[in-house]
Amino acid sequence: RRVELLTISDSSGMSSEREAPIPGLFPDAKPDSRPFVFAEKKVYYLSARVHPGESPAQWMWEGFVDFLVNRDDPRAKALRKLFVFKIVPIINPDGVARGHYRADTMGLNLNRSYDNPDPKLHPTIFAVKESIKALSSTGRLKYFVDLHAHATKRGCFCYANALPTYQEQVENMLYPRLISINNPHFDFGGCVFSEKAMESKDKNGQSKEGCSRVGIYRATNLIHSITVECNYNGGRVVGPKAPAATTDGRCSPGENWRGAPPKFTDVILKQVGKDLLVAALDMEDANPWSRLPNCNQKSLDEIREWLQSRLISTEPYRA
């Protein structure tokens, strides 16, 4: 089964030049069918369903794409103007079609092969990694986000990497923090940024050095290389959502949830996918309906200072 790679942006900044062919990929593509080059736009790469049974990932994916192609929302318009989005809907389509839980048709967990994918044994992972490396070589790749579901750990959260410098780690943590500001179900306190989580072995003895976020980071040195996870059932907390700094009545109001956390529905999961995008817009300080001015930390610099205060007492960044 085919693995699709979608390209979404607006036409601003589009050149007449086409993206260069990538050896071994897109065997049926003609040279004039490659996407146009946007030399000044940053690239956001999204993938989902390397584990076929993780259907919450597809709901997040759907919320992400539905919002991105919205014709009327000024945030969606700003995103398409600022970024080129490269999107893989399903990395493991054979496993999905056969109803597998974590494996492909050869019984392999493909999310342990990103360190050294074999084009014959792991063709989809090889293709994803090669396409990301090609984008990284342009200097425009800013995000790689891989969508998953989690069976045991509650909530929505991310696994990210432990980066070598203090400054890089602050930037690494900034994006998940902004997701949590925009989405009350995304639990920043549940996010993992440890070196141990980059190298530990799973219950089958396979190293997580072969998972997507680690393999892509080590191939590209990309700061924002993360896995976003949502539990199948629900969360452990619901955070506050500040009102947006706008008088536009189309913007959703602030929220202060009372009571036990709700069960996750398709609506909640799609909202998480949408807010991955809203947070990316906040990262550019380009969100016309930003909630930051009404939060405890009212700017990107204040959030950075807050993150620095958390890092200063943790290894290996201890002052």
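**View 1. β4 gives the largest share of the lining of the second largest pocket, three residues.** This is a predicted model, in which local features need pLDDT of at least 70 and side-chain atom pairs count only at pLDDT 80 or more, while totals for chains, interfaces and linings use all residues. Residues are numbered from 1 along each chain as its sequence is written, and side-chain values use heavy atoms, with hydrogens and water left out. The second largest pocket holds about 650 Å³ of space. Among the 27 residues that line this pocket, H51, R102, R112, H150 and K208 are the closest to its centre. At least two lining residues come from each of β4 (141–150) and β6 (224–231). The lining consists of nine nonpolar, 10 polar and eight charged residues. A pocket is an open set of points on a 1 Å grid over the protein atoms alone, where a 1.4 Å probe fits, with protein on both sides within 12 Å along at least five of seven lines; lining residues have an atom within 4 Å of a point. Grid points are joined across faces, edges and corners, and the volume is the space filled by probe spheres set on them. Ala, Val, Leu, Ile, Met, Phe, Trp, Tyr, Cys and Pro count as nonpolar, Asp, Glu, Lys and Arg as charged, and the others, including Gly, as polar.

**View 2. The largest pocket contains about 920 Å³ of space.** It is lined by 36 residues, of which V3, L5, L25, F26 and R34 are the closest to the centre. Two or more lining residues come from each of β3 (83–88) and α4 (123–136). The largest share, eight residues, belongs to α4. By class, 20 residues of the lining are nonpolar, six polar and 10 charged.

**View 3. Six strands make an open sheet of mixed pairing, in the order β1-β3-β2-β4-β6-β5.** β1 (6–8) and β5 are the edge strands, each with a single partner, so one side of each has no neighbour in the sheet. On average, neighbouring strands are turned by 20 degrees against each other, direction ignored. Helices and strands are DSSP runs numbered from the N terminus (helices H or I, at least four residues; strands E, at least two). Strands pair if DSSP finds at least two bridges between them.

**View 4. Two helices lie against the sheet.** α5 (residues 166–182) touches β2, β4, β5 and β6, and its direction makes about 35 degrees with that of β6. Contact means heavy atoms within 4.5 Å. Angles run from 0 to 180 degrees between N-to-C directions, with axes fitted to C-alpha atoms, for helices over the stretch in contact.

**View 5. Strand β5 (residues 156–159) is covered on both faces.** C156 and C158 on one side, and F157 and Y159 on the other, are all buried (under 20% relative accessible area, 1.4 Å probe, protein chains only; exposed is over 50%, partly exposed in between). β5 pairs with β6 in the antiparallel sense over four bridges. In β6, E229 is the bridge partner of F157, and V228 that of C158.

**View 6. P56 sits in helix α1 (residues 55–68).** P56 counts as buried because its relative accessibility is 4%. Leaving aside residues up to four places away in sequence, P56 touches A149, C230, Y232 and L269.
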